[in-house]
Amino acid sequence: MQTLKVTFFKALNVQSKTRSVLMNNQSAPQLITSISDIMRPDEFFACFQDSSGSVIALDKDGVSVSV
């Protein structure tokens with residue numbers, strides 16, 4: 001199974017990075033749920049790159065934006 005690196009942040013800047021985690025690639029709804037489930041209370045959002053090369057930002061409430 002393909003893995004992807006998910007990076008977590010405390011604020012909307014790169015200096016606030018808290019950690020990176022390797023996760024198994026899943027369908028979009030499952031992946032969003034999995035990321036939200038492991039987000040720590042002090043983490044504001046997470047980012048990862050999908051298989052098409054787009055960067056996805058996911059906030060604490062599960063709202064995502066593709067760049």
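How many aromatic pairs does a search of the whole structure find? The search finds two aromatic pairs, where rings of Phe, Tyr and Trp (its six-membered ring) pair if their centres lie within 6.5 Å, and planes under 30 degrees apart count as stacked, over 60 as edge-to-face and the rest as tilted.

This is a predicted model, in which local features need pLDDT of at least 70 and side-chain atom pairs count only at pLDDT 80 or more, while totals for chains, interfaces and linings use all residues. Residues are numbered from 1 along each chain as its sequence is written, and side-chain values use heavy atoms, with hydrogens and water left out.

**Aromatic residues**

Phe-9 and Phe-45 form a stacked pair, with 5.1 Å centre to centre and 20 degrees between the planes. Phe-9 lies in strand β1 and Phe-45 in strand β3, so this pair ties together parts that are 36 residues apart in sequence. Helices (H or I, at least four residues) and strands (E, at least two) are DSSP runs, numbered from the N terminus. Both Phe-9 and Phe-45 are buried; buried means under 20% relative accessible area, exposed over 50%, and partly exposed in between (1.4 Å probe, protein chains only). Phe-44 and Phe-45 form an edge-to-face pair, at 5.9 Å centre to centre and 90 degrees between the planes. Phe-44 is partly exposed, with a relative accessible area of 38%, whereas Phe-45 is buried at 11%. Phe-9, Phe-44 and Phe-45 form one aromatic cluster.

**Strand pairing**

Five of the seven residues of strand β1 (residues 3-9) are buried, so this strand is largely enclosed by the rest of the structure. Strand β1 pairs with strand β2 (residues 17-24) in the antiparallel sense over seven bridges; two strands pair if DSSP finds at least two bridges between them. Thr-3 has Asn-24 in β2 as its bridge partner. Strand β1 is also joined to strand β3 (residues 45-49) by three bridges, and these strands run antiparallel. Here Thr-7 stands opposite Cys-47 in β3.

**Charged residues**

The whole structure contains two salt bridges by this search, each defined as a side-chain nitrogen of Lys or Arg within 4 Å of a carboxyl oxygen of Asp or Glu.

| Salt bridge | Closest N and O atoms |
|---|---|
| Asp-42 with Lys-10 | 3.5 Å |
| Arg-19 with Glu-43 | 2.8 Å |

Asp-42, in the loop between α1 (28-38) and β3, and Lys-10, in the loop between β1 and β2, are 32 residues apart. Asp-42 is partly exposed at 42% relative accessible area, and Lys-10 is partly exposed at 46%. Arg-19 is buried at 17% relative accessibility, and Glu-43 is buried at 0%. Arg-19 also lies over the face of Phe-8, at 4.3 Å from the ring centre; a charge sits over a ring if NZ of Lys or CZ of Arg is within 6 Å of the ring centre and within 35 degrees of the ring normal.

**Helix α1**

Thr-33 is placed in helix α1 and is partly exposed, with a relative accessible area of 44%. The C-alpha atoms of Thr-33 and Asp-61 are separated by 9.9 Å, although these residues are 28 residues apart along the chain.
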